[in-house]
Amino acid sequence: MTNRALLQTMRHTLRVAGRVLGAGTGQRCLSGLRSGQLFTEYGSESAQHESLIKEASLYVHWPYCLKRCSYCNFNKYIPKDDNNHIVSQCLQQEVGTLLQLSQVSCVTSVFFGGGTPSLAHPSTVSDILEAISRRTSLADEAEVSLEVNPTLEGRTKLKDFIHAGVNRFSIGVQSLLDEDLKRLGRDHNAHQALRTVEDARKLCPGKVSVDIMFRRPGQSTASWEAELSELLRACDDHISLYQLTPERGTLLFKQLQSAQVTLPGDHETADMYESARRMLHQHGFRQYEVSNFARNSAVSHHNLSYWKGRQYIGVGPGAHGRFVPLGEGGTQREARTQTLEPEVWIREVQQRGHATRRRIQLGHLELLEEVLVMGLRMTEGITHEHWQLFSPQLALCDIFNSSTDVQEFLRCGHLTLDDGGLRCSWNGLALLDSMLPALLLQLERQIQPKAPR
């Protein structure tokens, strides 16, 4: 998952609750906490909390694509010139600067997203991994993932990426219907996608993920099930399902506005999601997050670090990060955004070593909101031990037991709050967005009066 997609997920779920995530928009900042209070007031001196700031995952954004898909509003650009070498150098420089700023002692995983990172030269990957190792430790078993566009160029470079240090591929199949791929603006066909998955599995068995979309224009539940059946015959041990969401400013959004295309309705979309969950379960896949399914324990450890509220450092144009800037005396986690435009980003990195455009300190409430929103996306939910890392003074039961709305969710079987923690049921996971407003409101009611003034 690109961390742009991660931020869209957080913004969407908080927007559903009538809130806006400040890290992406600048509309919400600190909730009354003075500098230094988060660590002293909320338990950072414990050994467990210390581990949260000593490790981080790393996201590397490659901003270029050969064309823009009809549904995509990610930060990507069509290259005017071949400046891959300059971009690679600046990525290495920004990696070194932000690692020094974070003072982490270990990078646990690396994810190359975009854009189309498979357009980059494989040496870019190896150079960035070396840049990490010069500043800090890269875990021996660190997951190094690369998003691959399943074109001929992407497929023929797979072996070189393996030699460069990649050990997991995420392949943007999106559809196995050529007509739909063309409508989505993709530059590959179904045959190329299946060939890429096949070759990637030979090079990286058990560590190949495929992305596929549902709720595409003109799609039916029956056609979706047939498509999934074909994918299940070819895929490896990880599948990510993404619901197509029209974003303002995209070609797809304009086509919908002018009635050139239509999307399946809410009921059929829900049927597609449920049928996919059922089919994947029948083929041995365990759902471990709203959109992610794995068998043979082939989960994405990088994505899990997002869901578990761990630190992550984002480098490259438009990348987002969440970490404590210990190197400059920082004591609170910050939401950081890098400069969007590649040419401006290059100039800023060359001038000052990094191109952080926006940084916002996360207060205690903001941090817990993210832990709640992200954690409940996992089927295991939020354990008491995990919640205590971020909220040692108020347990899950202290916060949510007094809410009549939460009690109703528990009574209906959509939520469970027991010795294992707080989590959604099978049915509740599909209804998470509708429950989050009440959960976030209750969290705010319980946390705000406790916040020091």
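Since the model is predicted, local features need pLDDT of at least 70 and side-chain atom pairs count only at pLDDT 80 or more, while totals for chains, interfaces and linings use all residues. Residues are numbered from 1 along each chain as its sequence is written, and side-chain values use heavy atoms, with hydrogens and water left out.

Take the helix pair to begin with. Helix 16 (residues 364–375) and helix 21 (residues 432–447) have axes that come within 10 Å and cross at roughly 150°. Helices here are DSSP runs of H or I with at least four residues, strands are E runs of at least two, and both are numbered from the N terminus. The axes are lines fitted to C-alpha atoms over the stretch in contact, with angles from 0 to 180 degrees between N-to-C directions. Helix 16 and helix 21 are therefore roughly antiparallel (the label for angles over 145 degrees). On the helix 16 side, the contact (heavy atoms within 4.5 Å) is made by His-364, Leu-365, Leu-368, Glu-369, Leu-372 and Val-373, and on the helix 21 side by Leu-436, Leu-439, Leu-440, Leu-443, Glu-444 and Ile-447.

Now for the charged pairs. With a salt bridge taken as a side-chain nitrogen of Lys or Arg within 4 Å of a carboxyl oxygen of Asp or Glu, the count comes to 22. One of these joins Arg-168 to Glu-143, with the closest N and O atoms 4.0 Å apart. Arg-168 sits in strand 4 (residues 168–174) and Glu-143 in strand 3 (residues 137–148), so this pair ties together parts that are 25 residues apart in sequence. Arg-168 is buried, at 6% relative accessible area, and Glu-143 is buried too, at 8%; buried means under 20%, exposed over 50% and partly exposed in between, with a 1.4 Å probe and protein chains only.

Asp-180 and Arg-216 also pair up, at 3.0 Å from N to O. Here helix 9 (residues 178–184) supplies Asp-180, and the loop between strand 5 (208–214) and helix 11 (221–234) supplies Arg-216, so parts 36 residues apart in sequence are tied together. Asp-180 is buried at 9%, as is Arg-216 at 1%.

Arg-411 and Glu-408 form a salt bridge at 2.6 Å. The two are three residues apart in helix 19 (residues 404–412), about one helical turn. Arg-411 is exposed at 60%, whereas Glu-408 is partly exposed at 34%. Elsewhere, shared partners link Glu-179, Asp-180, Arg-183, Arg-216 and Glu-227 into one salt-bridge network.

Technical notes
Parallel < 35°, antiparallel > 145°, perpendicular 65-115°, else oblique.
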